Amino acid sequence: MKKPILALLTCCIAQLSWAQQEDSLTIRRFADEVLTNGTAYENLRVLTKTIGGRLAGSPQMVKAEKWGEAALKAAGADKVYFQECKVPHWVRGEKEQARIISMRRDFVPPLNILALGNSVGTGTKGVTAPVIEVRSFEELEQKKDQIKGKIVFYNYPFNKKFIKTFYAYGDAVRFRGQGPSRASKYGALAVIVRSMSHSTDNNPHTGSTRYNDSFPKIAAVAIGLKDAEVLSKRIANDPGMKVFLRTTCQMLPDTIGHNVIGELRGSEFPNEFITVGGHLDSWDVCEGAHDDGTGCVQSIELLRSFKATGIRPKRTIRVVLFANEENGLRGGAKYAEEAKAKNEKHIFALESDAGGFTPRGFTTSMEPEKLRKIQGWSGLFLPYGIYDFSEPGGGADITPIHNQLGTPMAELSPDSQRYFDIHHAVSDNFEAVNKRELDLGAIGMGALVYLIDKYGL
């Protein structure tokens with residue numbers, strides 16, 4: 001098997017220009033360092049297993065910030081510091097409860113649910129009410145006169161026809177974000193939302209919701225996919241049934257969080273910046289391995305391996321472990337705000353926040369001529385299985401700096417098939433991450449940063 005692989009690499013290098021052949025050798029040296037001496041996987045183990053879920057405002061958030069500071073120093077950053085920002089402080093409270101109440105004598109196990117992030121609670125006594133099922137906002141409007149005093153069940157499944165599953169997520173997530181307030185408008189007491197997933201298990205997937213202040217805030221929960229089907233069938237066949245919901249979550253006053261930043265100072269243009277990062281926070285119900293522990297440790301590994309291989313960037317590389325992406329995006333907003341206030345020159349921003357699976361390419365948002373320049377380097381990425389530079393996009397945390405400063409941005413685009421099986425669910429743990437896939441993502445990120453730093457855009 002080694003001969004065909006060697007032949008492919010030789011062929012790829014042979015088709016490159018002399019300058020690109022030199023770049024290919026540098027990237028290969030960087031890749032060898034990551035694959036043989038990489039620390040990303042061990043860093044991830046420590047983050048997930050000794051700290052775990054680290055929602056903004058929680059004690060684990062503070063522990064994670066200290067972990068990030070220590071990891072960046074150990075990686076060899078020239079400078080490590082905190083950037084303070086206010087973050088929301090939502091707490092889940094006691095274990096959520098949901099069960100079907102019926103005059104039938106058959107036993108139905110409790111429903112597996114999780115409160116949506118930022119949701120209000122039902123109160124300690126809970127809510128008991130009939131359930132009305134809708135599969136679209138159009139159906140909600142059609143049934144608006146039937147909603148008062150009921151629980152609305154948004155049963156909208158992922159569209160299986162999308163090959164890239166982020167499109168299915170983008171299609172369905174509106175029910176999680178907008179669903180509670182749109183139901184409250186017509187007098188709903190609470191909402192149940194089908195989890196944002198196409199998994200085959202019954203784990204509910206949390207995620208943030210956004211209230212419209214024009215309407216009362218009502219409790220909102222996500223339900224596991226198997227129980228979503230149970231509930232749907234029960235509604236159809238047992239018209240008199242009701243559901244009991246109890247959640248005790250609440251929003252506390254804002255508190256202090258931090259972006260954790262490590263810099264590798266530029267040798268020629270130290271006041272020009274390339275940002276690389278992921279978000280340090282995660283939902284409280286999981287270890288936050290793929291979302292987004294992998295992005296954080298890949299970014300730290302990029303800095304470490306640059307130092308280890310003697311790659312001296314022309315521009316200052318900033319590794320940013322962003323605060324509060326999950327339920328507020330305060331860290332990304334603060335980073336952009338300070339960059340603008342200081343009139344900093346930002347050349348490029350890269351994020352990894354789509355999981356630590358096998359890298360396939362990068363999504364980008366930049367001017368066409370800049371994208372064409374990156375696409376011109378595609379031959380340098382092919383030996384590492386990275387080939388797709390066609391999709392628009394960019395990370396949530398770097399979108400503010402893209403919008404405010406016009407900074408070209410990109411996001412690592414791994415294979416997405418397994419991501420939403422675990423996204424925001426208890427199954428997003430360290431064991432779900434493959435070391436080789438994690439390292440390959442760091443290699444792709446390092447190659448892109450190296451080339452942009454060397455040649456600019």
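Is Phe30 buried or exposed? In this predicted model, Phe30 has a relative accessibility of 2% and therefore counts as buried, the limit for that class being under 20%.

The ring of Phe30 has a partner in Phe306. A pair of aromatic rings is described by the distance of the centres and the angle of the planes. Phe30 belongs to helix 2 (residues 18-37) and Phe306 to helix 9 (residues 289-309), so their pairing ties together parts that lie 276 residues apart in sequence. Phe306 is likewise assigned to the buried class, because its relative accessibility is 1%.

Elsewhere, one aromatic cluster is formed by Phe158, Phe166, Tyr169, Tyr419 and Phe420.

Aromatic rings also meet charged side chains. The ring of Tyr81 has the charged end of Lys79 over it, at 5.0 Å from the ring centre. In a second case, the charged end of Arg174 sits over the ring of Tyr156, at 5.1 Å from the centre.

Attention may now turn to Val276, a residue of strand 10 (residues 269-279). Val276 has 0% relative accessibility and so counts as buried. Beyond its neighbours within four places in sequence, Val276 is in contact with Ser299, Leu302, Ile317, Arg318, Val319, Val320, Leu350, Met445 and Val449. Between the C-alpha atoms of Val276 and Phe381, which are 105 residues apart along the chain, the separation is 18 Å.

Conventions: Residues numbered from 1 in each chain as written. Predicted model: local features only at pLDDT ≥ 70, side-chain atom pairs only at ≥ 80, totals over all residues. Heavy atoms only, no water. Helix = DSSP H or I, 4+ residues; strand = E, 2+ residues; numbered from the N terminus. Buried < 20%, exposed > 50% of the residue type's maximum accessible area, 1.4 Å probe, protein only. Phe/Tyr/Trp six-rings, centres within 6.5 Å; stacked < 30°, edge-to-face > 60°. Lys NZ or Arg CZ within 6 Å of the ring centre and 35° of its normal. Contact = heavy atoms within 4.5 Å.
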